[in-house]
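Hi everyone. Please have a look at the model on the screen, and then I'll walk you through it.

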Amino acid sequence: MSWESTAHYYAVLNRETARRRGGLHSAPVIVYSLDFAPIEAMQRAGEWEQAGAVLAGAAHSLEAQGCGVIGLATNTMHIVAPAITARLGVPFVHIATPTADALLADGFETVGLLGTRFTMEQRFYRDGLEARGLAVLVPDVGITNLNGIIYDELCRGIVREESRRIYQDAIARLAARGAEAVILGCTEIAMLIDDSTSPLPTYDTAELHARALVEAALA
């Protein structure tokens, strides 16, 4: 939900549209960019119902403005996806769906999941992946540090080599437990880690989600 990942989404939406349609085509897109601070406060307080109402209202506003496909550009807040879809009459593309599709297409069975502590500790995200037949591993140590790097650094546009090493170590530990690939299950993590710096193949949920949104819009 930080503007850092919103910028990444906007770039991918337009690049993918241009790739598919050619020429000078770009994506007709309406971005509802929320103030992240109140949302983050609701996360810390466990006020998920209130957060769901805020995001459902934003999604309903986008539909009212003519959007035919809706995406929520964050992994963590998919915890309130049911509240959002309940308000919508147009398709909602869940961020975990294209991620699972890509992993299964590449033949992976056991994957590591990195993200905020909410995404790693709660079941809302893992359940969807496991329902598709994937075995999902989350870090057994260092979750607090991984979470802090997201909120204190990446969401503020800060990329530190020391933090990259912490994520590399977390991925290596997941690999030692049997993970064959790793899901970058927070839309900011790709600022820090990619295939060139990771011990395992990475799956950037923001990139995959944005492409899926374009596919749905052009279908």
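Let's start with the largest cavity. Its lining has 15 residues, and nearest its centre lie Met-1, Thr-74, Thr-116, Cys-186 and Glu-188. A cavity here is a set of points on a 1 Å grid over the protein atoms alone where a 1.4 Å probe fits but cannot get out, and lining residues have an atom within 4 Å of a point. Helix 2 (36-45) and helix 8 (143-152) each give two or more residues to this lining. Helices are DSSP runs of H or I, at least four residues, and strands are runs of E, at least two, numbered from the N terminus. The volume of the largest cavity is about 100 Å³.

A word on the source. This is a predicted model: local features need pLDDT of at least 70, side-chain atom pairs count only at pLDDT 80 or more, and totals for chains, interfaces and linings use all residues. Residues are numbered from 1 along each chain as its sequence is written, and side-chain values use heavy atoms, with hydrogens and water left out.

Two strands pair if DSSP finds at least two bridges between them. Strand 5 (residues 181-184) is joined to strand 6 by three bridges. There, Ile-183 stands opposite Tyr-203.

Definitions and conventions
1 Å grid on protein atoms, 1.4 Å probe; cavity = no way out; pocket = protein on both sides within 12 Å on 5 of 7 lines; lining within 4 Å. Points joined across faces, edges and corners; volume = space filled by probe spheres on them.
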